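I am opening my notebook to record what I looked up in this structure, entry by entry. I define each term at the point where I need it.

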Amino acid sequence: MDRLRFYLNDRLVEESGLSPTTTVLRYLRDRAHLTGTKEGCAEGDCGACTVAVLEEDGKGAPVLRAINSCLLLLPMVQGKRVYTVEALKEGGRYHLVQEALARELGSQCGYCTPGVTMALLEACHREDFNEPWKLDAQMCGNLCRCTGYRPIRDAAARVAGLRPADRFARALAETKPEPMELAYTAGPQRFFTPATLEALWDVLDAHPEARFVVGGTDLSLEVTKRFAEPPLLVSLEALRVLRTLEPRAGGHRVGATVTLTELEDYSRATCPPLERMARYFGARQIKNRATVGGNLCTASPIGDLAPVLISLGAEAVVLSRAGERRMALEDFFVDYRRTALRRGELLAFVDVPAQPAGARAIAYKVSKRRELDISSVSAGFRVVVDEQGRVREARLAYGGMSARPARASRAEAALVGQPWTEASVEAVLPLLDEDFTPRTDHRGSDWYRAQVAKNLLRGFFLETLSEPAPRLQERHAATVQVR
Amino acid sequence: MVAILSEVAPRESDVKSPLHAPALHESGLKHTSGEALYVDDLPLLPGTLVGHVIASPHAHARVVRKEARRALALPGVHAVLFAQDIPGVNDVCPVRGVHDEPLLAVDEVHCVGQSVALVVAESAALCRQAAALVEVEYEALPACLSIREALEQGSFLPHWLYPGPHLIRRGEPEAALLAAPVRIQGECMTGAQDHFYLETQASLAVMEEDGAVRLWSSTQHPSEVQEKVAEVLGLGRHQVTVEVPRMGGAFGGKETQAAPFAALAALGARATRRPVKVWLNRDQDMEQTGKRHPFWARYEAGFFEDGRLLALKAELVSDGGWSNDLSHAILDRALFHMDNAYFLPNVEVSGRVARTNQPSNTAFRGFGGPQGMFVVEEVLNRAAERLGLDPAEVRRLNYYHEPSEHRTHYGQLVEGNRLPRIHAELMASSEYARRRAEIDAFNAASRWTKRGIGYQPVKFGISFTTSFLNQAGALVVIYGDGTVQLNHGGTEMGQGLHTKMRAVCAHALGVPAEHVRVMTTATDKVPNTSATAASSGSDLNGQAVKAACEVLRERLRLVAAHLLQVDRAEAQGIVFAGGRVSHPAYPHRSLTFAELTHAAYQAQVSLSATGYYRTPDIGYDRKMGQGKPFHYFAFGGAVVEVEVSGLTGEHRVRRVDILHDVGSSLVPTIDRGQVEGGFIQGLGWLTCEEVLIDAKGRLLTHSPDTYKIPALGDAPEDFRVQLLERAPQDSTIHGSKAVGEPPFMLAIGAVTALRHAVAAFGPPRTEVQLASPATPEAILRAVEAARSVKR
């Protein structure tokens, strides 16, 4: 397909000539004259622009997802069905999520409300609303400055999981997303969505300067904040093999384009440390688009998934036309925002190995605000304790402490062979100051980062005394859950 | 099924009066469907251009050269406007007689983000391209970036009439301090806060005939926008019409600071003869507009051993930014609220406004009240910690007495003090004493997680302290079918003012609320209005609406008397209710409101009327520091429980109980929303919202990526809000009280609760050192300090 083609509120739209880095939000407001969807921040931090997209999940089943349209580029909805707030009212009747929100007085100024409404719409069509904490996780991506959230929470509780027989239910049952494959050119900009690896290698041979994109939750900021016009983007979204998410050799294979939502759902039953990080990774709308590979390849110093995956001993599996190579994930990060990927290569999978007997593992994310924030410090810890109670192996990985996610090698070395006791932990804490020299920025001072890095290890020890991989409590005051 | 209020066709019904009854937000369903229109959503006229502000990149600099030739050469660029292109007055200062805020910089810039030029082009992208080609050359000058630097350099914004500090004094504070058994002294700071209204600043200007201009502006103060646009363009105000469809939040940030962007849109429209829209993106909005004033305070207080406050001396300095804006009125309100709920027998408070090279700080919910109140609450918390007393008890001991015998430090009698009642009811309903004991037991058994509980009373003065602003107008129009258009001077920013005004109007005319349509606020309907601010929107406009409706009702009464065949003498007994007009003495004779209005029209009776209101008997003498600035006081109380991690400094609010006094609520569901929303916004100011600048005065926190307002997970798990029952207020609209700002300060209870939790990391009577905002880092520092206190 060489044209943009998608369904907007169930009507087929075909466009050509538009920049491929036009966001769905700007398209809706400027071209489709659907002004219900609001721009609050243009960076995925407020949710006012939330729309619902009917697409395929990792297993190919149709799902309705709440997504920030400000970070969604038009080619990313190729073949999909996009619904805006204007689609909710049917035959002059308001949808039950609209009635619920209005009845609770869940809007005051109303500017965040279209986005809140669309997040509620996803909630109302979700099948997995079995636990109350999921309400907060569902709605934390929508900032509201007026209500104080109590009525929004109440409205969410009222509609979550109701699954009414509305136009969305009909679309879920009756329509099928069309192929995403695309080779699109507009002016100096091009956008490719290859459907096979073979087609991808061909694109890369022809355009070695191409940049990969999947969810766009990071890359789109260059468009919306720095007003860049990337000349050539290659989306990996249509490559099904990269969405692999399955048990493998006692561990797990996680495909690079697995979304954080999928990872969270999967790891909840299978890998508690990963689930704990996934829970607070970002807002629902972000997690519905952000991918494992995107988070790792951006190689941010914080890289929320990196510390936990490193601590679990994960390996990066890199593909190119020439074949496959593997490396320890910590070696994937070579410097500040630089990875070990060479031209023509892509990160395909992350393989998480089976955890050894006696392993204790947790991941932590500390940020100024619990939900919807970037970490000041993140960490993934795994220690393997033998039957004599001695530390056989320690993997202490941190984000936010240096130019790249990294292990605390001095502290790890000092811990090995020691009894797993509070005294041993206290003894190695000063070594963290040798392992890291954190920076001061608007997320936290060097003092705070250094102090929290130590305290997380203290907390890890206490948290894993009775349970090797404790789960998150439903409601808790802090990242570290110790009395 | 939810009633679709604004959409159903008028029909007669026996509905009860909408007054004092729960109701949905008048625009609620429109909000949920995207049908509610904001300035940026209005359909554009063909040819509408985009206005883009070029802002100063320097905190302080001389402007050496301005050159736009290359930008103007770009096809599609219609104008690049500088100060010299302003036909009228290059000033938008909101204070009459003070001209310290040029719309566009002339030869000097005073903060990063100050407007220097306006680019007008056919698209936003083209504007950015053109802006990059506009050459403005600067010569950097030394900048003053904080209150501390301003104090060192003696940099102040003196009051235009009274250049000295604003000083309020009573008794003999110096002697009382010397005699006090317990003395506490210190300094404290409260931080800036971005308004973070979800809808950024937006204005659309369209030229009309005869050089007139019509604007749609997201502003709390359409009359001031009208005035500033007229002055900037050199027009009479009769040539400028300003309309406000609604705002997507404002919180004070659109009281004065919408006007410059409206004036720029008007300037662009005049220069190009095309419609021009100026809309700021989030980063521009945060960088170019002022915030809540940071305040620094130095205090000294004396107490008796039992916790009674004997004396307080305090000096406040606010960060006004580079120009006056409303800084002095905000400072006044801070000083007026230094007492909060407490009788200060010996007191001296004084305040000054620092001038810094920051965007001009401005109105924000509470308007200085929170900053002043924070100081006295800090003093009381420290006293409670020092003396080993329950901080709630220290507060109770110091309340103004009821029945009223005490005057405030500025001489106003504290009448109708409801705090003793609120205190007793809230302590009981929240089970404060039992929970405090349980928390102490929890803390004794928990090493790294501690809990705390805090109580916060609030007394807040209601009225604009600039007395003449306390006036309002309304225009009520009835049509022959009995439907009503209501125009009033207030603006809707989400607070539910239109919902309340519709209830007042429908009640007065005895018609269903659905028959009353509240019109967008417009200066050609109701002129010479005050800002919708100071929590006064319902108080002032409600009275004006009521007055207008009463005029109409009296006119209609005479027509009704004729139709109902009752004597003129009996006409006063005619009742307007439920969409019908009748007389209780003749129950079989009644007519519908529509029949009556149709008859009135045929009888050549005017069916439109204006109403007007001014608040009586208020005034303040600044020179003497004495007077009655407030019509009345609003009261409230909150009990807040938190849990703190001693490992990360994170905290969570576990439970909040609020009992708030809104008099006889006009619409209780709306008032509850104001209480809940105000509290959470206050919580943001005191905990997670941190405005940071770099060494060159550039804002680091210019988007929600780095500036964190509370999210859904930060709202209390258990949030119990009650409005005080059986509490009508004298001489207000239907016995109600203002509600917009007072609940904001209830959140200070969270600070008291955090201090309780932090202190538990130290030995008994640990004095807590907790900075504001109480971010995880600030809390962890306080925990570390508490842990290091010697046992």
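I began with a definition: a residue is buried when its relative accessible area is under 20%, exposed when it is over 50%, and partly exposed in between, using a 1.4 Å probe and protein chains only. This is a predicted model, in which local features need pLDDT of at least 70 and side-chain atom pairs count only at pLDDT 80 or more, while totals for chains, interfaces and linings use all residues. Side-chain values use heavy atoms, without hydrogens and water, residues are numbered from 1 along each chain as its sequence is written, and chains are lettered from A and ligands numbered from 1 in the order in which they are written.

**Entry: one residue in chain A**

I looked up A:L260 and noted that it is buried, with a relative accessible area of 0%. A:L260 lies in helix α9 (residues 260-270) of chain A, where helices (H or I, at least four residues) and strands (E, at least two) are DSSP runs numbered from the N terminus. What does A:L260 touch, not counting residues up to four places away in sequence? Taking contact to mean heavy atoms within 4.5 Å, I listed A:A278, A:F281, A:K287, A:A290, A:T291, A:V292 and A:L305. I also noted that the C-alpha atoms of A:L260 and A:G282 are separated by 8.7 Å, although these residues are 22 residues apart along the chain.

**Entry: two helices of chain B**

I then turned to α13 (residues 432-445) of chain B, which has 14 residues and reaches 20 Å from its first C-alpha to its last, close to the 20 Å expected; the expected span is 1.5 Å times one less than the number of residues. Its buried residues are B:Y432, B:R435, B:R436, B:I439, B:F442 and B:N443. Seen down the axis of α13(B), these buried residues fall within an arc of 120°, so they line one face of the helix; the arc is that of the directions from the helix axis to the C-beta atoms. On the other side of α13(B), I found B:A433, B:A444 and B:A445 exposed. The elements that the buried residues pack against include α11 (391-398), α12 (419-429) and β16 (449-462) of chain B.

For comparison I looked up α15 (residues 537-564) of chain B, which has 28 residues and reaches 37 Å from first C-alpha to last, close to the 40 Å expected. Just after α15(B), B:Q565 takes a positive phi of about 55°.

**Entry: backbone angles**

Most residues other than glycine have a negative phi, and most peptide bonds are trans. The peptide bond from B:E402 to B:P403 is cis, with omega near 5°, and B:P403 is in the loop between α11 and α12 of chain B. The bond from B:S772 to B:P773 is also cis, with omega near 0°, and B:P773 is found in the loop between α18 and α19 (776-787) of chain B.

Phi of A:H33 is near 55°, and this residue lies in the loop between α1 (24-31) and β3 (50-56) of chain A. Is A:H33 buried or exposed? At 59% relative accessibility, A:H33 counts as exposed. B:S463 has a positive phi of about 150°, yet B:S463 is buried, with a relative accessible area of 4%.

**Entry: nonpolar cores**

A nonpolar core is a set of buried Ala, Val, Leu, Ile, Met, Phe, Trp, Tyr and Cys residues joined through side-chain atoms within 4.5 Å. The largest has 159 residues, of which A:Y83, A:L120, B:F303, B:L316, B:I658 and B:F679 touch the most other members. A second, separate core of 53 residues includes B:C505, B:A534, B:V559 and B:A560.

**Entry: where the chains meet**

The contact between the chains takes 80 residues from chain A and 85 residues from chain B. The area buried between chain A and chain B is about 7100 Å², of which carbon and sulfur atoms give 56%; buried area is the accessible area (1.4 Å probe) that two parts lose on being put together, summed over both.
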